[in-house]
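Good morning. Please have a look at the model on the screen, and then I will go through a few of its parts.

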Amino acid sequence: MTFQDCVRVVGLVGLLACVAPMASGDDAAEIRALIPEATAMSSSDFESVLKNPDVPPTLEQFQDQNVTLHVLTMEHTVDEDVGKDFSFFENRPPHPRRFAEEIGRGNWLLGGFIAAQPVTAIHADRIQGMTCVVAGDRATGAVSFESPDLFKGRVEYVAVRIDGEWKIVELAIPSRDVEVVRGDDGLWTRR
């Protein structure tokens with residue numbers, strides 16, 4: 001709802017009640033910029049996946065249970081309810097090598113991997129839309145994303161403002177039963 005819509009619907013008296021739960025553009029932009037890093041896997045974990053690109057990784061292999069790792073280990077489904085928050089475009093998950101090229105893009109130099117950017121399933125330019133509701137120092141919302149010819153999805157988030165800076169502390173892909181929380185050590189664990 002825009003500012004003008006709020007004025008038309010509730011008048012000036014109710015305007016504060018309408019505007020209060022909305023995120024400022026700055027808050028939403030700050031949080032959006034955090035999504036690629038928050039969903040990323042470490043370069044060392046990615047390098048371990050690259051060592052055996054023909055074998056899909058498993059969650060049990062890694063301590064950090066980040067969203068990108070969950071996406072890497074998801075199975076294809078034809079169930080629309082299960083696939084509503086994440087699905088592959090093909091009838092099966094893409095070959096691990098194709099997947100690695102997408103999540104690690106921008107990190108390849110002379111045929112080798114360099115850790116220059118986040119290794120993530122949700123690169124900034126793949127974000128298609130975002131919702132953001134701020135209440136004090138807590139923000140909730142969802143980000144939709146699409147990687148052409150590979151996958152599309154939606155991740156829900158919770159962010160908190162600590163010392164004036166936003167930090168994403170919870171991520172979820174509900175229809176795939178993925179809920180992770182960030183620990184004080186920066187690692188993600190399943191809820």
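Which residues do ring pairs link into a cluster? The cluster consists of Phe86, Phe88, Phe99, Phe145 and Phe151.

Before I go on, a note on the source. This is a predicted model, where local features need pLDDT of at least 70 and side-chain atom pairs count only at pLDDT 80 or more, while totals for chains, interfaces and linings use all residues. Residues are numbered from 1 along each chain as its sequence is written, and side-chain values use heavy atoms, with hydrogens and water left out.

Back to the rings. Searching the whole structure gives six aromatic pairs. Rings of Phe, Tyr and Trp (its six-membered ring) pair if their centres lie within 6.5 Å; planes under 30 degrees apart are stacked, over 60 edge-to-face, and the rest tilted. Phe86 and Phe151 have ring centres 5.5 Å apart and planes at 35°, so this pair is tilted. Because Phe86 belongs to strand β1 (residues 86-88) and Phe151 to strand β6 (residues 151-162), the pair ties together parts 65 residues apart in sequence. Strands here are DSSP runs of E, at least two residues, and helices are runs of H or I, at least four, both numbered from the N terminus. Both Phe86 and Phe151 are buried; buried is under 20% relative accessible area, exposed over 50%, and partly exposed in between, with a 1.4 Å probe and protein chains only.

Now to a residue in a loop. Gln63 sits between α4 (43-50) and α5 (67-73). Is Gln63 buried or exposed? Its relative accessibility is 64%, so Gln63 counts as exposed. Beyond its neighbours within four places in sequence, Gln63 is in contact (heavy atoms within 4.5 Å) with Leu187 and Trp188. From Gln63 to Asp45, the C-alpha to C-alpha distance is 9.3 Å, and they are 18 residues apart in sequence.

Last, the strands β4 and β5. Strands pair if DSSP finds at least two bridges between them. How many bridges join strand β4 to strand β5? There are eight between β4 (residues 127-135) and β5 (residues 138-147), and the two strands run antiparallel. Val134 has Ala139 of β5 opposite. The hairpin of β4 and β5 has two residues between the strands, and Gly136 takes a positive phi near 70° in this hairpin.

That is the end of my part.
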